[in-house]
Amino acid sequence: MAYRKGMSVTTICVGEMFRLLLFMIAAVVGMTTEVAAAKQPNVIVVLADDMGFSDLGCYGGEIETPHIDALAANGLKFTQFYNTARCWPTRAALMTGYYPHQANMAMNFGPAAPDSYSGYIPQSARMIPELLKHVGYRTYHVGKWHLNSRGGQHNETWPLSRGYDHSYFMLRQDNFHNPKLLFDDKIAIERPGDTDPDYYVTTAFTDQTIRRLEEHEQSHAEKPFFLYLAHTAPHFPLHAKKEDVDRFLGRYREGWDKIREARHQRQKEMGLLDCELSPRDPFAKPWDELSPAEQEEWDARMATYAAMIYRLDAGVGRIVEQLKAMNAFDDTLIFVLSDNGSSAEYIVRGDGHEPGSYPGSAESYRCLEVAWSNAANTPFREHKMWTHEGGIATPLVVHWPNGLKARGEQTEAVGHVIDLLPTICAAAGAEYPKEFEGQPTKPLPGKDLSPVLVGGEDNIKRDYLFWEHQGHKAIREGNWKLVADRQGRWELYNLKEDRSELHNLADEKPALVQIMSGKWQKEAIREGVVEWNSFPQAHRSPGVDYREK
């Protein structure tokens, strides 16, 4: 292994060891050594929006997701992978490899706020596409961005200014059938549903992904590509194509209690988890106490939510077929995950809700709300925005025929979205810069997951994982997790024995609580966390917390 000028010891260990492992696996299966040692994989990240831990079929859900399930059946499932509990913090962590506060994306409060909450990612926090372009990649973005903090015109915070060759994205998340404003690179697209009555943004995102793949094959086939497909489904408003809604209508008349029990049973049968089912959220009514009209309404909401995930999965199937047509499928590293747990929010905005509108139509505006969100996050407690497992645990499916050791396996290795940047860079042979514009860059907190992906290991060594969002906070160290909501005391759980966080051991182990809370506080100071209640009330998202309904 030759040392190249400017290469750090860390980079040699990460990048070259990854390729050495690839070489060894390739030799076993008979691949040529030249390809195994030097081939840079294509990389696709598919990010769902507000999808719960148990929604995919391969994670216990009854929703039909055959294409993602097929990737899992021939790849690797993570049972302990985490996001940051919210949309934009997760996207910032994924793109930069930093915790949200480190990337100044804890919130989007603007330049008058503390840096960590400003919503402006510094240029020194290099993003995945910027790093991969240095090693020959073409880079494409499709879907949601949510990292643009400088208004509605192209600027330095938009994808094209952060390393992407092309970008097609929806600026504001308001209507799946007829969004107000999208951008195809720098070309504004207003209300596409006005001219195309069949327009549906999830399908459009898949169409644009395939468009970029076709263009890549035609004009840049000699180069590897990185493609970030950030869906807006199944985030509210609950909008879906009528034929997809009709496919699921009536399936949820049995109610959220039985759906939760059935999902939990399947999770245990497939060996995904071995923990208790958390009680129904105390803010959710028992299904049997609802009137027939209420049951019909809630069946329609969950049917629409399921339809959104079904259509997202169908798009994954189309992308797989395109990769196979390009003879690129085996050389493509695919990640499928969600940005946070399912959402208990209740909001009406955008074009509003028209009473009597068909479920999932452009005229409707409905949210999943607390009871179905509780089911989507089976078997865990809490929801999007909370740092209990229901808010931060995500499915992660990884597929890579020419690089992955696993075939239809799962791992208990603990991972986080901050790990994706170092993992992707290791696979691509990219280095993270030690400095930017003459100033040293911050050390990355994430870990390269290649020992898990290529080596089959079930443990990644790290000090701890850290969370804070709107006053909800947590730290995980080994199997121990310390967590609190913004109104509560610290709770302590042994996740190896109690992944559902039902048996609080804080009173039994006060010394451990003190040690872990001290580590959390030290990290919070280092990252610039500000006490949530010190912000003005107008900044604190009034009216979306289901507990305030």
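**Close-up 1. Strands β2 and β10 pair in the parallel sense.** Strand β2 (residues 76–82) and β10 are joined over six bridges, where strands (E, at least two residues) and helices (H or I, at least four) are DSSP runs numbered from the N terminus, and two strands count as paired if DSSP finds at least two bridges between them. Within this pair, Gln-80 stands opposite Val-414 in β10. The model is a predicted one, in which local features need pLDDT of at least 70 and side-chain atom pairs count only at pLDDT 80 or more, while totals for chains, interfaces and linings use all residues. Residues are numbered from 1 along each chain as its sequence is written, and side-chain values use heavy atoms, with hydrogens and water left out.

**Close-up 2. An open sheet is formed by 10 strands.** The order is β6-β5-β4-β3-β7-β1-β8-β9-β2-β10, and the pairing is mixed. Because β6 (187–190) and β10 (409–416) stand at the edges, each with a single partner strand, one side of each is left without a neighbour in the sheet. From one strand to the next, the twist averages 15 degrees.

**Close-up 3. Helix α3 (residues 66–73) lies across β2, β8 and β9.** The helix runs at about 70 degrees to β9 (393–399), with angles taken from 0 to 180 degrees between N-to-C directions and axes fitted as lines to C-alpha atoms, for helices over the stretch in contact. In α3, Ile-68, Leu-71 and Ala-72 are buried, a term for under 20% relative accessible area, against over 50% for exposed and partly exposed in between (1.4 Å probe, protein chains only). These residues cover an arc of only 100 degrees around the axis, which puts them on the same side of α3; the arc is that of the directions from the helix axis to the C-beta atoms. The cover over the buried residues of α3 includes β2, α9, β8 and β9.

**Close-up 4. Helices α6 and α9 pack at an angle of about 10 degrees.** The axes of α6 (residues 201–219) and α9 (residues 292–325) are 9 Å apart. The angle makes α6 roughly parallel to α9, since angles under 35 degrees count as roughly parallel, over 145 as roughly antiparallel, 65 to 115 as roughly perpendicular and the rest as oblique. The contact (heavy atoms within 4.5 Å) includes Ile-210 and Leu-213 of α6 and Leu-312 and Ile-319 of α9.

**Close-up 5. Strands β15 and β16 form a hairpin with six residues between them.** Strand β15 (residues 480–484) pairs with β16 in the antiparallel sense over four bridges, and Val-483 stands opposite Glu-491 in β16.
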